[in-house]
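Subject: the structure to look over

Hi,

Here is the structure I promised to pass on.

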Amino acid sequence: AVGAAALIGSGLVHPHRTSLWTRTGSMVEGRFGHTATLLLDGSVLVVGGENGTALATAELYDPAKGTWNATGAMLETRYGHTATLLPDGTVLVVGGSAGGDGPAVLATAEIYDPARGTWTATDSMIEVHSGFTTTRLTDGRVLVAGGYNSSGLGLPASAELFDAITATWSPAGLMNQARSDATATLLLNGEVLVAGGFNPNGNVPYAELFDPRSESWSTAGNMTHARAGHTATLLLDGRVLVVGGYVSGMNLMVPSAELYDPGTGRWTATGAMVAGRAEHTATLLPDGRVLVAGGYSSWTGTSQVPVPFGEIYDPASGTWTATGAMIEVRGGHTATLLNDGQVLVAGGNGLDLASAELFDPRSGN
């Protein structure tokens, strides 16, 4: 593994910038493969994940105090699920895996009410999904796309929509290609860009668009690099930054990054990161830059090499700058932009699964 000290000595990480990362309170329970959702009151809801076993527990982070408190537990254990803030301030949690002896991929869904701190079951999805994407559309509906079923095989390119008003699911057409570990990004025009991922045939090298008005899918060009387990971030100018990921069948992560321009429908390469990584996070900062944090540079079986520092992408120059060593190395964590502009990074498969830290983009610029 490449340690933080070695990277600092190499000049890739700047020692005087490590103050960008500060420790905050640890979670009540260590976890990875969980979700984190910024609520309307500015607190952060962390849900599920695993820590030797799948979890049903949930907790809340108070940014004013830097502390965590347990809230109501979900009705089911799950990891690899998604969590989506609905227009009324409640949170929809769907799918994932329940753990146990088999994959036990779930179709169930439940809703968290922040006012009561409780969960209520809602209608189950049409298909079971894990390794899928969810996107809240401009009209408040939630799009679920892709993933895999209990056999670990790609679904038949299925997608579906959740209507929060009626609490029901309906089919949303078939994607052009089945895929899991892809990304889904809501564009400024209301369409959803689904990019990358893999299926039993290998990496999916192209992207597609979902049009909520016609509930139909169309192709969106070939990416410059086939990848899965990457991140996609909508930039302030409407372009989409796709970063990192892995190539199916290889244990090295790609450092490359690319941009999708909805105006032209074209993909173009942009500056590569200092380190290739997957299972990282990407967060749009208030000034339009993008923070990429954590993840793994390679893995073989159960052996994972973490990336111990973050990087910031500047859309104006198309270049990356290392932020300094994180307090903990981690992958499978979450990153949440708080209302004060700081980024909360929590949990993950590192040395301390319960730890959390804050990145302040206003320091050390």
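A quick term before the numbers: a contact here means heavy atoms within 4.5 Å. On that basis, residues 24 or more positions apart account for 50% of the contacts in the protein with a separation of 6 or more.

Keep in mind that this is a predicted model. The average pLDDT is 90, and 90% of the residues score at least 70. The exception I'd flag is residues 1-18, where the pLDDT is below 50; that stretch still has 29 contacts in the model beyond its near neighbours in sequence. Where pLDDT is low, predicted coordinates should not be read in detail.

Now the overall picture. The secondary structure comes to 1 helix and 32 strands. Of the 365 residues, 54% count as buried. The accessible surface is about 14200 Å², and carbon and sulfur atoms hold 53% of that.

One sheet to look at is an open one of 4 strands, in the order β14-β15-β18-β19, with antiparallel pairing. At its edges stand β14 (183-186) and β19 (216-222); each has a single partner strand, so one side of each is left without a neighbour in the sheet. From one strand to the next, the twist averages 25°. Within the sheet, β18 (residues 206-211) pairs with β19 in the antiparallel sense over 5 bridges, and Tyr-206 sits opposite Asn-222 in β19.

Next, the inside. Which residues have the most contacts within the largest nonpolar core? They are Leu-143, Phe-210 and Trp-217, in a core of 14 residues. The elements giving two or more residues to this core are β11 (142-145), β12 (158-163) and β15 (192-195). As a general point, nonpolar side chains in soluble globular proteins tend to be buried together.

Last, a hairpin. β2 and β3 form it with 5 residues between them, and Gly-42 in the turn has a positive phi of about 90°. The two strands, β2 and β3 (residues 44-47), pair in the antiparallel sense over 4 bridges, with Ala-36 opposite Val-46 in β3. Which face of β2 (residues 35-38) is covered, and which is uncovered? Thr-35 and Thr-37 make up the covered face, while Ala-36 and Leu-38 are on the uncovered one.

Cheers

How values were computed: Residues are numbered from 1 along each chain as its sequence is written. This is a predicted model: local features need pLDDT of at least 70, side-chain atom pairs count only at pLDDT 80 or more; totals for chains, interfaces and linings use all residues. Side-chain values use heavy atoms; hydrogens and water are left out. pLDDT is the predictor's confidence in each residue, from 0 to 100. A nonpolar core is a set of buried Ala, Val, Leu, Ile, Met, Phe, Trp, Tyr and Cys residues joined through side-chain atoms within 4.5 Å. Buried means under 20% relative accessible area, exposed over 50%, partly exposed in between (1.4 Å probe, protein chains only). Two strands pair if DSSP finds at least two bridges between them. Accessible areas come from the Shrake-Rupley method with a 1.4 Å probe; for residues, only the protein chains shown count as cover. Axes are lines fitted to C-alpha atoms, for helices over the stretch in contact, and angles run from 0 to 180 degrees between N-to-C directions.
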